[in-house]
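This report describes a structure for a reader who has not seen it before. The sequence and the coordinates are shown first, and the description follows.

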Amino acid sequence: MDIFSKALTEKMKKAQSDLDAHVREIVDWHFDPATGSPFWLEYAEKLDFDPRKEIGSFDDLKILGHFEDEWLRGGPVRRWVPKGLAGKPTYVFETGGSTGVPKTRININDFQTDYEIFSDTLNDETFPKGADWLMLGPSGPRRLRLAVEHLCQHRGGICFFVDLDPRWVNKLIKRGEHQEMQQYKDHVINQALTILRAHDNIQCVFTTPKLLEALCEKINLRKAGVKGIFCGGTEMNAQFHRFAREELVPGIDFVPTYGNTLMGLAACKPFNNDNDYAITYYPPHPRAVFEIVNPDNLDEVVDYGETGRVLLTTLTKEFFVPRFPERDEGDRAAPIDLYPWDGVSNLRLLSSLQTSVVVGVY
Amino acid sequence: MIHIPILRAGKVYKSLDANKVVHFKSGEPIAELSQANRGMIARDMLKMSEYQNVLQEFPVRKLLEICKKAADIFRNESLPLGDHEQSPEDYISQLSSSTGMPKSLCRRNMDKILLVMEEMEAVLGGLTRGLDINVVDSGWVEQNGTPLSFIRETDSLGAILPSNSPGVHSLWLPAIPLKVPLVLKPGSSEPWSPFRIIQAFIAAGAPREAFHYYPTSYNGAAEILLKTGRSMLFGDKNTVAPWKKDPRVQIHGPGWSKVVIAEDKVDDWESYLDVVETSAVSNGGRSCINASGLWVAGRGKEIAEALAKRFAKITARTIDDPAAEIAAFANKPLAEMISEMIDQQLEIPGAEDLTAKYRETGRFVELDGCAFLLPTVVWCEDPTHPLAHSEFLFPYISVVESPQDEMLEKMGSTLVATAITGNRSFIQKIFASQHVERLNIGPIPTMKISWDQPHEGNLFEHLYRQRALQMIG
């Protein structure tokens, strides 16, 4: 018996078909000597097959093996720039650096595209067009800093920032300097309070769970005029979601998100005021795909509701990441009408890494 | 399944995030333990002065009555445990099943908690050195014709609690009659005792607002230490290290407690073997006040051999056996790792496990599916050997011989020192030693605690400070 309705099944088939077509387009682009990046063209030379001929669907990506994040550590970074996009203004973004030497990813327009797609999921009443934003998150060489500003600008607003170096916070945590970390957090929060009190039109905030908690110790955000909060970070779980809605920011639209430099931004299944605070993310299909797989056999997708490691595939003309094993695990979530493809619930740090990764302000 | 909730100002809160409390032997879940997110703790702390005001309204005499009544309830009554009821026997059984501690030892620990609740007035008398306890009501009293005023330093006492020895819960109990609300983070495998104590206090008439119970992560624990004005931190060397310089945090780290037999008594060493054995073995060797070192001015090897013969007679028994003296390890790989670590350190010249030759088994044994480490005596010829300065979660003692005049310096940090000597000059030196926290003069086991004496800092002095007061009229 099918577990999905006929209408949803049709949508899922269409999404799969669109994905397969998108895979062919992206593989053609990255492995074409005229448009591909030096990295993937060199990679193809070592293969005993031509990816453009052999890869006709998403499933066929398996023959390329797994993307390795070590490839992203160090230079030359230009080897990642596709020839088809040569000469365009190029950004380089770093990961948070919470697991050693930062990985770098080149970016041309992807972050704008990802956040424009995400913008369509926001409620115009709680994230009003023309409202200004506060970006209370990591600054420096991170995609998030520019991406949130672009999201704000895309919606007609102006974005305010604070200085925040999460790597310094990580060092303080590793050294056990709790009091100094608290002082640094206070320094960050004081910057935010100053901005919020000085600019009346700030109605939207991006922040992380820890910083939201700290901010709400000092100010009632609803009284300060904030209507929508877009929040992402590793401490986001169902309990935090409930705590945020019930206690931290009642009356404010609270939108959990999951994103990273390699993928883009995943949207959260809308909250229905039904006390179901479980957080389920859906990737921006077909630009990115989640597979929830057996950690001991990355080719085996687990059943719906079962826990597995997140395998990420990113498919844009700027960047190609086939089947990268993320440092996260979660439960495989079934497609829904709004997002007729696989998602992930209860996302958390991979069990095997939980003692080794320092989670700072994220 | 039993779900143990968070208590926020005494009110039950069931978190969507819960950890399992598992049976030490089977690994099967016994209960779910709600987990508090860090921000919840920080948010609740904003209201602490309100909660303290509620407690402040209770006269100290009334609170002392409540302590006695709570002891009676703790001992005899069934109390709420989430949606379930917990009888005293349930408590002992649950405590034993998650910690691996024999029921007989669980009962002894329960008695320690009860003693402090029942004798709270005497405990406060010891902590305040006989100060009129009405000072916590009025802020000042007149004693010997002099006005004495004390000011409360905090609206809350945080406590990051261990899982290894329920008796330590008696240390934070005086906070209630001292009118300081409690913010407790229970150990992950010992959520039972603090929850039951709180329920007993509430049933006895204490205000709910005085009790905050937050099972939480490392981050949540740090939040408690940061946000409470005063706190107690129980943990190993690495856990307590970052907080050592924070005067708001009272550290309860490793004990490295010791028995010392001086030159004048060492020839009579056989008379003191009972004291040494009790100091090392009582409570399964799990407490910071268990002796992990015996320092002697002579005849060290001979004494170590005799102790080893005694220790080798102690065997692993099931947790229901009333004669059980040692606890099983809730974490079998940890037991194996500790034993392997000792063996590795024995490869460094200068130390020998004397118990090995008297035991019929190795140090690590399994019984009825449980892992045990058998009592171990290590003779350390070299006082600088790492095993001369180690303590473990089982009865372990190193015997070290040292010239008496060098002993105190070489011993290092010592939570409880039992000094067996009549030599006044040596006693004076021990009195002057900054390495020694609690001092027993004479053959008193390190485990024998007089509750009218402070432990690792004086809780009254941690919570209150004296202010100058002059009055006219």
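B:Ser149 stands opposite B:Arg467, a residue of strand 24 of chain B. The model is a predicted one. Strand 9 of chain B, residues 146–152, and strand 24 of chain B are paired in the antiparallel sense, with 4 bridges.

These two strands belong to an open sheet of 3 strands in chain B, ordered 8-9-24, with antiparallel pairing. Strand 8 (140–143) and strand 24 (464–467) of chain B are its edge strands, and each of them pairs on one side only. From one strand to the next, the twist averages 35°.

## Chain B as a whole

Chain B contains 16 helices and 24 strands. Its radius of gyration is 23 Å, close to the 23 Å that the globule rule gives for 473 residues, so chain B is as compact as a globular protein of that length. The C-alpha trace of chain B spans about 65 × 60 × 40 Å along its principal axes.

## Two domains in chain B

The domain assignment divides chain B into domain 1 (2–253) and domain 2 (257–441). Between the C-alpha centres of domain 1 and domain 2 of chain B there are 31 Å. Domain 1 of chain B brings 17 residues to the contact, and domain 2 of chain B brings 17 residues.

On the side of domain 1 of chain B that touches domain 2 of chain B, helix 4 and helix 5 (103–118) of chain B each supply at least two residues. Helix 5 of chain B gives the most to that side, with 4 residues. By class, the residues on this side of domain 1 of chain B are 4 nonpolar, 10 polar and 3 charged.

## Helix pairs in chain B

Two packed helices are described by the angle between their axes and the distance between the axes. For helix 4 (residues 88–99) and helix 8 (residues 192–203) of chain B, the angle is about 155° and the axes are 10 Å apart. Helix 4 and helix 8 of chain B are therefore roughly antiparallel to each other. Helix 4 of chain B makes the contact through B:Tyr91, B:Gln94 and B:Leu95, and helix 8 of chain B through B:Trp192, B:Ser193 and B:Arg196. By class, this contact of helix 4 with helix 8 of chain B has 3 nonpolar, 2 polar and 1 charged residues.

Helix 5 of chain B also packs against helix 3 (residues 60–76) of chain B: their axes come within 7 Å and cross at roughly 155°. That makes helix 3 of chain B roughly antiparallel to helix 5 of chain B. From helix 3 of chain B, the residues B:Cys67, B:Lys68, B:Ala70, B:Ala71, B:Phe74 and B:Arg75 meet B:Leu114, B:Met117 and B:Glu118 of helix 5 of chain B. The contact of helix 3 with helix 5 of chain B has 6 nonpolar, no polar and 3 charged residues.

## A hairpin in chain B

Strand 18 (residues 364–367) and strand 19 (residues 370–373) of chain B form an antiparallel pair over 4 bridges. B:Phe364 has B:Leu373, in strand 19 of chain B, as its bridge partner. The hairpin of strand 18 and strand 19 of chain B has 2 residues between the strands, and B:Asp368 takes a positive phi near 55° there.

## A twelve-stranded sheet in chain A

Chain A has an open sheet of 12 strands with mixed pairing, in the order 4-3-5-6-7-8-9-14-13-12-10-11. Strand 4 (159–161) and strand 11 (297–301) of chain A stand at its edges, each with a single partner strand, so one side of each is left without a neighbour in the sheet. The twist from one strand to the next averages 45°.

Within chain A, strand 10 (residues 288–294) and strand 12 (residues 307–315) run antiparallel and are joined by 6 bridges. A:Val293 stands opposite A:Arg309, which lies in strand 12 of chain A.

## Where the chains meet

The contact takes 15 residues from chain B and 16 residues from chain A. Helix 1 (38–45) and helix 9 (218–227) of chain B each supply at least two residues of the side of chain B that touches chain A. Helix 1 of chain B gives the most to that side, with 5 residues. By class, the side of chain B that touches chain A has 8 nonpolar, 3 polar and 4 charged residues.

Terms used
Residues are numbered from 1 along each chain as its sequence is written. Chains are lettered from A and ligands numbered from 1 in the order in which they are written. This is a predicted model: local features need pLDDT of at least 70, side-chain atom pairs count only at pLDDT 80 or more; totals for chains, interfaces and linings use all residues. Axes are lines fitted to C-alpha atoms, for helices over the stretch in contact, and angles run from 0 to 180 degrees between N-to-C directions. Angles under 35 degrees count as roughly parallel, over 145 as roughly antiparallel, 65 to 115 as roughly perpendicular and the rest as oblique. Two residues are in contact if their C-beta atoms, placed from the backbone, lie within 7 Å. Ala, Val, Leu, Ile, Met, Phe, Trp, Tyr, Cys and Pro count as nonpolar, Asp, Glu, Lys and Arg as charged, and the others, Gly among them, as polar. Domain bounds come from an automatic or database domain assignment. Two strands pair if DSSP finds at least two bridges between them. The radius of gyration is taken over C-alpha atoms; the globule rule is 2.2 Å times the number of residues to the power 0.38.
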